[in-house]
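Subject: Structure for you to look at

Hello,

I am passing on the structure we talked about. My notes on it follow below.

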Amino acid sequence: MINLLSRAILMSTPLLIGATAEVFAERAGVMIIAIEGIFLIGAWGGFVGAFTTGSSFMGFVLATALGVLIAALYGVITVKLKQHQVVAGTALNIFIAGIVTFFHRVLFGVPLLPLTIEPFKTMPIPLLSKIPIVGPILFSQSLLTYVAYIVAPLGFFILFKTSAGLVVRSTGENPESVDVAGINVERVRLIVILIAGFMGGIAGSFYSIVYLGMYTSGIIGGRGWIAFAICFLGNWNPLGAMVGALVFGIAEALAIYMQSSGGGILPNELLIAMPYILTIVLTISRKRFNVPTKLGVPYIKEH
Amino acid sequence: METPFIELKGITKYFSRVIANKDISLSIGKGEVLALLGENGAGKSTIMKVLYGLYHAEEGDIFINAEKTTISSPKDAINLGIGMIQQHFSLVPRHTVTENIILGNKSGILDKAVLSRQVRNLAETYGFNIDPDSFIMDLSVGLQQKVEILKALYREAELLIMDEPTAVLTPQEADNLMAFIREFVERGNSVVFITHKLKEVMKVADRVIVMRSGRILGNLPKAETTEKGLSALMVGKELPFLENKRRPVSEIGVDIKQLTVLGPQGHVALETVSFSIGKGEIFGIAGVSGNGQQELGEGIGGLLPIKSGDILLDGKSIKDLSVKERIAAGVGYVHADRLTAGLVLEMSLSENMFLKNSFDPAWAKNIFINRQKLNGYADKAIEDYSIKASGNNELVKGLSGGNQQKVVVAREVDVGRKVIIFDQPTRGLDLGAIDYVHKTILAERDKGKCVLLISTELSEIFELSDRIGVLYNGRLLRIINREDADIETIGMLMAGYEPEQGKTHEP
Amino acid sequence: MNRSKAKLMSPKLRDLIITTFLSVFLGLAVSGLMMLFLGADPLSVYGRLLQFLVRDKYTFADIFVKATPLVFTALAFAFTFKANLYNIGAQGQFNMGSVAAVFCSLFLGGIVPGPIALLLALTAAVVSGGVWGMMVGYVKARFQANDFLVSMMSVFIALALMNYLLRTVLIEAKREYPQTDTIIHDLYIPIIASGTRLHAGFILAVTVAVLCWIFLYKTTLGYRIRVVGMNPVAAKFAGIDAGKIFVIAFLISGALAGMAGFTEVNGVQHMLVQGFNPTIGAEGIGIAILANANPIGIIFGAILFGALKVGGQILGQTSGIPSSIIEIMEGFVMLFVLISYYFRRRIETRREIKKLKSEVAQ
């Protein structure tokens, strides 16, 4: 049981990071449709960086660099060139899938055995991790997890208690109000997109550096979309995202547990499909939504 | 000769289909109220938006205190002390008054209590009664406008540009605003007042500039003008007098009984409203926007459910009919929001004419649209209404506002065999188009149809209506025959004050 | 507009064709640059590619074989796009269609005469995909759920379901691999060009695309779908029930994707195996984007992508370039087309201002 909960928090980490990034972006009116691709390139970049230099830190560096690069491209196409966010994001996701596979071949050829890296060690917090039950669950996680659970409340504070957060929220509700106040709407949106790229890259790299210790093409498998969904289900609030990420983390941990313990009653495929079914169920049952009013609408000034 | 505060020289601005400003030169002095007068489409808003940095002119220069300046964004304008209150407010409805005012003005961590107090003090300085922690979406339009003004004052604006500010106010609120303007100007500041209403100009302006078709036609101190002279400059030609022969009405066509309608947020938008419209009668609804007009139109049109009461058409109740069924029953509806509710901009003129007929088998050959019939119909509308378009397949987004409205009117007049609802039918239109729409409304009435005219333009209500009802806070306060109506009484009713009985209606 | 101008191509159409060609060219060029990373010479690689594509009847026809399912999945996305809805679920609806087609074929094979069984398999695929898609539309209409998310999730669920069925109910007699037995010859879609794999499914695809175009632009229901997509408020005022339109649009969209299941199972694979055609859903979206959701344009876009896929395969066989070059080419072409939309709009606006200025001068 303790193992299960501990793993749940672990699995929730990238979802939380991705969801918080998405919350910021969507609060400013931009949907990061390219998030799945950013997760993927983050996972791949993280692996490549860690494998070639032997340092996990370099893995994170490369992951975030690539994430920001893709986000910049997405930002230019959707904010500057004012193209459709869904269209641009989907194109990028297809593109990234190809590029990543291609360059993996360029760099590593076709290895006989899967390449591995030293998995990222957990960082138990001294003293706190010794507390019975709670200790191993909450305080024996990886550094990335602690970061995630600090960033989310921090994000909440920034969004609702600072002027920068007010600007972001106003951009998503009525960009004209921001424009008229003399702030460049495009710049606000580009900044949140780049931040999302950074955080998405880290979230993706979790899967290769912290969790699996290697890279495979299916490593992300739709989890970028789950982070996207959590933003939605968490009512565009980083604290809500925390709850959402935990729920999905538990779902994933449960699925892994049941698969490894022989499955039994439920077929494997059902367990795999659980998070996705859960997303749909939650999307339907959630009644009140605080959708940012101008979400997805490119801001065009002169007409 | 004192150097003027602001000078514009030779400004020219194009949009993709129209020349908005041609070689505009004007100056604004300190401590003066300058009125920019002109009909809709004259270019008045455009030139001020250039000054405010929202638009970039193709040619021309701006001088502030005799120094050539480049204003490339509202931020620059605000830093130079220029504030603009636009027709459509740029407020965030879900945020509070304080949040809206400090947006972009404060950095770092926000101390809500301190900031709210600052805003409260500022409001009190100018006699504005606003709670800084209330949400914009809960405020009346008049109060929202005050928040917009506060935004500019918070930034220490020395010039306030106001674009058609009284369009959303009751006559009394408008007087209030004029008083504020006078006080503001007495402190040495300037105001540019953009309007198409002559009476306001005569009341508040020191100087008047008349614009037409993107050019300046007159620039005079108010003392040297007359209403007639200004009107002639504004329009440039004599408009034939609108003949309105009223006939006695015998049959009732539409009967509204104790209608109560809830608005989208669940509040009561219309409360026990009762009136009837005779066949061949124009019933005008006067009132400041936001008092239930839209809900009245939408309630009759079928878009909002009825909480209680009934709507009878030719004696039969239609309150349970869907929108589709009401269209088939002969209810036409020219909505106030022509662009969102009445037209599909990316479709052709023909296809827009089809909007209300798509379920009617008379227009289809099996499942296929009868294109020939539709195009013929569109061509006839173009001819009958003098719509300026290159053909029935031109996309509606390429038409001018006036021509777009003509498309809507042409269609709704046809759909509305029995009843036609007109809500703000001439808002934003130039005089030629306004005249056309008015003529159409009268013609439809003369055909024996029931016409409901909802408008915030009192002159329009007075010109066309046979009977006038005033909506205030969702209640129909009084119904007056046109012959017995006067502007003062109507104005008071619009503000909720019942003259004879001496009662004020609590909100 | 005077006669002479009407004869020439309108400037907008000319822009469209030029920019599309330019985008495709740039996309291929940049992909070629990527090949340098593998030490290959893009010019000679592309040269050889072109030779192979046209020299061999089998290879050339394969372009259209590959294009067939892409037409369907692209139509699926484009159809709902016209209603301003996002059907990201074509891949899943395709899977469901495949399952239905193979089930029907295995079940009826030998019992019912060939042509009738084929028709039944097609119907099963259409219904199966349609229902799977319709669920998304229903959820959107009833609960205002986010169609993007729900359709996206439905793909993963469909995949899991298909894999489960392949492992259990549909599994081959040998029970060795998670795949079905092959269907009997009677239930193959007839080949229309001897010596190739080109089957009548392609004709079906083109026909359906044209039918979609006619449906959207010539019928009253198609009109209503477009109104809902372009201006939902005006649709409401026109008495159009948006919820009904959502369900119908997703139903048709899913059915279209389901058809691809039929053509792939009965026309190409003749069985169902795990992980077959895993990317046609996303590629369909890409093609729809390229063609700006126009059904006729989709036909050409699908042929282009078909060529890229065949080309990518050949490159793998002859020059040792990995198959991921296909996705790179697709990706770059899409990105360039997207960028070109922007420039086309700018050129159009500039043209109008110039026209205005010249009118003023007169």
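In chain B of this predicted model, Leu312(B) stands opposite Ser317(B), a residue of strand 15 of chain B. The two strands involved are strand 14 (residues 306-313) and strand 15 of chain B, which pair in the antiparallel sense over 2 bridges. They belong to an open sheet of 4 strands in chain B, with the order 12-11-14-15 and antiparallel pairing. Strand 12 (268-278) and strand 15 (316-317) of chain B are its edge strands, each pairing on one side only. Helix 9 (residues 293-301) of chain B lies across strand 11 (252-262), strand 12 and strand 14 of chain B. The helix runs at about 65° to strand 12 of chain B.

Chain B has another open sheet, also of 4 strands, in the order 2-1-4-5 and with antiparallel pairing. Here the edge strands are strand 2 (19-28) and strand 5 (67-69) of chain B; each pairs on one side only. From one strand to the next, the twist averages 25°. Strand 1 (residues 6-14) and strand 2 of chain B pair in the antiparallel sense over 6 bridges. Within that pairing, Glu7(B) stands opposite Ser27(B) in strand 2 of chain B. Helix 1 (residues 44-51) of chain B packs on the sheet and touches strand 1, strand 2 and strand 4 (59-64) of chain B. Its direction makes about 115° with that of strand 1 of chain B.

Chain C is built from helices: there are 14 of them and 0 strands. The radius of gyration of chain C is 22 Å, close to the 21 Å that the globule rule gives for 362 residues, so chain C is as compact as a globular protein of that length. The C-alpha trace of chain C spans about 85 × 60 × 35 Å along its principal axes. Of the 362 residues in chain C, 54% are buried. Among contacts in chain C with a separation of 6 or more, 77% come from residues 24 or more positions apart.

Two helix pairs in chain C may be worth a look. In one, the axes of helix 4 (residues 57-81) and helix 11 (residues 242-269) of chain C come within 7 Å and cross at roughly 170°. Helix 4 of chain C is therefore roughly antiparallel to helix 11 of chain C. On the side of helix 4 of chain C, the residues making the contact include Val65(C), Pro69(C), Phe72(C), Leu75(C) and Phe79(C). Helix 11 of chain C contributes, among others, Phe250(C), Ile252(C), Leu256(C), Met259(C), Glu264(C) and Val268(C). By class, this contact has 14 nonpolar, 5 polar and 1 charged residues.

In the other pair, helix 8 (residues 201-218) and helix 13 (residues 295-319) of chain C pack at an angle of about 155°, with their axes 8 Å apart. These two helices of chain C are therefore also roughly antiparallel to each other. Val206(C), Ala209(C), Cys212(C) and Trp213(C) of helix 8 of chain C make the contact with Pro295(C), Ile296(C), Ile298(C) and Ile299(C) of helix 13 of chain C. The residues of this contact divide into 8 nonpolar, no polar and no charged.

That leaves the contacts between chains. The contact of chain A with chain C takes 33 residues from chain A and 37 residues from chain C. On the side of chain A, the elements that give two or more residues are helix 4 (85-108), helix 10 (223-233) and helix 12 (268-285) of chain A. Helix 4 of chain A gives the most, with 14 residues. The residues on this side of chain A divide into 23 nonpolar, 7 polar and 3 charged.

Chain B also touches chain C, with 27 residues of chain B in contact with 20 residues of chain C. Helix 10 (323-329), helix 11 (338-342) and strand 18 (368-369) of chain B are the elements that give two or more residues to the side of chain B that touches chain C. By class, that side has 17 nonpolar, 6 polar and 4 charged residues.

Regards

Conventions:
Residues numbered from 1 in each chain as written. Chains lettered and ligands numbered in written order. Predicted model: local features only at pLDDT ≥ 70, side-chain atom pairs only at ≥ 80, totals over all residues. Contact = placed C-beta atoms within 7 Å. Nonpolar A, V, L, I, M, F, W, Y, C, P; charged D, E, K, R; others polar. Pairing = 2+ DSSP bridges. Axes fitted to C-alpha atoms, helices over the stretch in contact; angles between N-to-C directions. Parallel < 35°, antiparallel > 145°, perpendicular 65-115°, else oblique. Rg over C-alpha atoms; globule rule 2.2 N^0.38 Å. Buried ≥ 20, exposed ≤ 12 C-beta atoms within 10 Å, placed from the backbone.
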